[in-house]
Amino acid sequence: MTTHITFCRICAAICGLVIDVEGDTVVRVRGDREHPLSQGYTCPKGRRIAEFHAAPSRLRAHQRRLPDGRSESIETNVALQEIGSKLDSIVAANGADSVALFIGTQTYGSTLTYGFAQAWFRAVGSRKLFSTTTIDQSAKSIVAGRMGSWMGGAQRFEDSDVWMLAGSNPLVSMQGGSLTGFPVFNGYQRLRNARERGLRLIVIDPRRTETAARSDIHLRPHPGSDAILYAGLIHLLFKEGLVDQEFCRMHTEDASLLETAVSAAIPSFVATHTGVPEDQLVLTARTFGRARKGMARGGTGPDMGPYSNLTEHLITCLNVICGRYAREGDVYTDAGALKGMEFPRAQVAPPTRSWERGYQSRLGYGLVGGQLPSNTLVEEILRPGPNSVRALIVSGGNPVSALPDPLKTAEAFSKLELLIAIDPFLTETSRLAHYVIAPAMPLERADHTRPYERYYSEPFAQYTEPVLPRPPGVIEDWEFFARLAQQMRRRLQMGSRTIEPDDQLPTSEEALEWLATKGRIPLTEVRKHPHGRIFDSLPPILVQPPEEGVSARFCLLPSDVAAELDSCLAMAKTDDGNQAFRLIVRRAKTSMNSLGRQLPTLPSHNPCFLNPQDMAAMGIAQGDRIEVASSHATVTALAERDDTLPPGVVSMSHGFGYLPGHEVEDPARFGTNPNMLVPRDENIQPINAMPQYSAIPVSIKSLEGRVTTERVRFDDSGKTPQD
Ligand SMILES: Nc1nc2c(c(=O)[nH]1)N[C@H]1C(S)=C(S)[C@@H](COP(=O)(O)OP(=O)(O)OC[C@H]3O[C@@H](n4cnc5c(=O)[nH]c(N)nc54)[C@H](O)[C@@H]3O)O[C@H]1N2
Ligand SMILES: Nc1nc2c(c(=O)[nH]1)N[C@H]1C(S)=C(S)[C@@H](COP(=O)(O)OP(=O)(O)OC[C@H]3O[C@@H](n4cnc5c(=O)[nH]c(N)nc54)[C@H](O)[C@@H]3O)O[C@H]1N2
Ligand code: SF4
Ligand SMILES: [Mo]
């Protein structure tokens, strides 16, 4: 038996794992107590990482779809030749923009894939790049593009005395680092310690989540009413003189315009439209405003609701007007170990509005972070024209499940001349593909932690060798992209390195070295510490003074934001008609988007959670079939009791359910895809076409017939390391 020390790559938390292997079989997976960040913690999915590799449904060879719909296994060389020549002829006939790439969540879990996928894409010369970023918290990029951003970085949770989490549940989602700033590793303990030393945690979430239950102030706004709530808080901060006047004077262009624009958001107005009592609002504004240090950070709740770009903008305004950024001489939050040295400065990077310049898609969208909005992909395929998308590669994603209106997405994907999915499983997306490329899975890959460095603030790094041999029929994702480029006779540019069509490709280990050459710690040093190490001997990076002569300032109320704010305040009184409930987003420890349900020991379906009072009023019992209807569609789901939800609010995780017509619609077996309820062309945001995944008005109806399902139950409390 061999014992391997490695790390999980299912989500961004990269928990340390110790894995015992006998022959080629994993006999035990446990949390690595010597891992400096996770300290032995694992979650239900991570503990089952080996089961994903060994799952009977896992593809161990690439699949080619036959004209009659059946599939056959093919070898890597054949797959690459056929795909390469099809792509060549599609590009020759229709131009490079007829080829699109969709980067999904599991792409980020492999250090090499993201870079090589993008390099292949640049080599093809297309501009139709899509990723999950634009169906997630893309509002954050829009805010930076419209408001500007602080080049000195964030304040640190560790030395703050207040922290506000708006619609994020990091104790479950593990969203830390640059996203929420919350210390997700050993999060329960570190939150306890922080509160003991005086930090006040403010959580804004309709649901009493695991994180909200441990907060000092929990505001429970009506779903989707967040923008009004933050406008109200900004109003109070100005009114009570709690803003950082000096910071505003030095670094903002138009703080007084913002003050005027939110002046209608007085506590009584805000209380009426958000349901948050006036005294709670005042307490929150004072707690946040009087603190010395500490930030407000938004998650998917506000970033997936109505007015998501405006909402995230107002959350960021709380930080700007209170001057909650790292100043000259402060320690920079993003310590970095394998990535290059950064030089933070106490100054504003001006708004870029990148989407207003350069390439504009034929649907009228510009690029955000070099990408087009994912919610326009379906229309890019369906709308005829010389530049329509005819070939699509999906890398580690499941867009048919993840995008709004899965039926329309499936219809569009079925019309593609070439659909390739790189996925170890057959999913709503990969089952439609002409070719499914079977990738090596995490334990079969060497990796290091460079891409994860933005999710934690310590200078931590770890390297892992492969733990398991890979099945002979699979290929590493990065190698697929590199070899496809060579097959298409394209030159790959990876940073300063060029790979010509006839060059020998690097090994994974060599390519991993390439990505770490600028690191503050040499990879050879990192490799000496199998459990990973916090390199605290590295000098802290300190925020530098501003460059001479810089004059950029935050733009708090550009005209488009002002118009969105006006419209939001005016719409506040909108009636939901018969749709008395609001459906909100939710994440569970037992799944990572659509990954989890593949295992018999993890839940195969997602219930619709309801408040017990609502269930009683409608005569709905636990496990009953219910109908959930939005203005767009009606679905069937199983009811599950949840007293952490307020009356009138229901919640469902995404990533479950099969499409009618593909499989029997059976919420007890497969769950329900909430995106059936989400239209792709209504209530979408300007600039990033972000759909509204949360705060969806729905009606609920009890259906005849009780369904009992055997469900696996988990203790999600995570209070102690579980292994
Ligand atoms: N276990 C697990 N971890 C994951 C994932 C997973 O699927 N499973 N997914 C990963 C991904 S891709 C992402 S993007 C992150 C997301 O990470 P988070 O943003 O932390 O996601 P959630 O845990 O769903 O937290 C969102 C919260 O918003 C609340 N909410 C919903 N609507 C509203 C609203 O209108 N207003 C307010 N204020 N709150 C609202 C919900 O009740 C919920 O508690 O998680 C990542 N981590
Ligand atoms: N209603 C609703 N919809 C949502 C959301 C929501 O909260 N509510 N959240 C949105 C968000 S934040 C996101 S990020 C998206 C998620 O959108 P996606 O990233 O498109 O969806 P995933 O289900 O994470 O897809 C990951 C795929 O990778 C495959 N996979 C697993 N392991 C490997 C591997 O080792 N290699 C490769 N190549 N593939 C692997 C899995 O089988 C799966 O098909 O969904 C969005 N959609
Ligand atoms: S939280 Fe779970 S899935 Fe995420 S890295 Fe840790 S063990 Fe893996
Ligand atoms: Mo996400």
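**Cysteines**

I started with Cys568, which is buried at a relative accessible area of 5%. For my own reference, buried means under 20% relative accessible area, exposed over 50%, and partly exposed in between, with a 1.4 Å probe and protein chains only. Before going on, I noted that this is a predicted model, in which local features need pLDDT of at least 70 and side-chain atom pairs count only at pLDDT 80 or more, while totals for chains, interfaces and linings use all residues. I also noted that residues are numbered from 1 along each chain as its sequence is written, that chains are lettered from A and ligands numbered from 1 in the order in which they are written, and that side-chain values use heavy atoms, with hydrogens and water left out.

How many disulfides does the structure hold? I found zero, taking a disulfide as a pair of cysteine sulfur atoms within 2.5 Å. Cys568 is in no disulfide, and its nearest cysteine sulfur, that of Cys317, is 13 Å away. I looked up Cys8 as well, and Cys8 is buried, with a relative accessible area of 8%.

**Ligand 3**

Cys8 turned up again in the shell of ligand 3, together with Ile10, Cys11, Ala13, Ile14, Cys15, Thr42, Cys43, Lys45, Gly46 and Met174. A residue is near the ligand if one of its heavy atoms lies within 4 Å of it. I sorted this shell by residue type and got eight nonpolar, two polar and one charged. In this sorting, Ala, Val, Leu, Ile, Met, Phe, Trp, Tyr, Cys and Pro count as nonpolar, Asp, Glu, Lys and Arg as charged, and the others, Gly among them, as polar.

**Helix 9 against helix 13**

Next I looked at helix 9 (residues 226-239) and helix 13 (residues 278-290), which pack at an angle of about 60 degrees with their axes 9 Å apart. Helices (H or I, at least four residues) and strands (E, at least two) are DSSP runs, numbered from the N terminus. Axes are lines fitted to C-alpha atoms, for helices over the stretch in contact, and angles run from 0 to 180 degrees between N-to-C directions.

Helix 9 gives Leu229, Leu233, Leu236 and Leu237 to the contact, and helix 13 gives Leu281, Val282, Thr284, Ala285, Phe288 and Gly289; contact means heavy atoms within 4.5 Å. I counted the residue types of this contact as eight nonpolar, two polar and no charged.

**Positive phi**

Most residues other than glycine have a negative phi. I therefore wrote down Ile687, which is not a glycine and has a positive phi of about 75 degrees; Ile687 is buried, at a relative accessible area of 15%. Ile687 lies in the loop between strand 27 (649-652) and strand 28 (696-706). Arg489 also went into the notebook, with a positive phi near 55 degrees. I placed Arg489 in the loop between helix 19 (477-487) and strand 20 (492-494).

**Single residues and distances**

Is Thr180 buried or exposed? I found Thr180 buried, with a relative accessible area of 2%. Thr180 belongs to helix 7 (residues 177-180). Leaving aside neighbours within four places in sequence, Thr180 is in contact with Trp163, Leu165, Ser168, Pro170, Gln175 and Arg297. From Thr180 to Ser160, 20 residues apart along the chain, the C-alpha atoms are separated by 13 Å.

Gly495 sits in the loop between strand 20 and strand 21 (497-499), and Gly495 is exposed, with a relative accessible area of 65%. I read 8.7 Å between the C-alpha atoms of Gly495 and Leu515, 20 residues apart along the chain.

Glu513 lies in helix 20 (residues 508-514) and is partly exposed, at 32% relative accessible area.

My last stop was Val78 in helix 3 (residues 76-94), partly exposed at a relative accessible area of 30%. Val78 and Thr672 are 594 residues apart in sequence and 37 Å apart in space, C-alpha to C-alpha.
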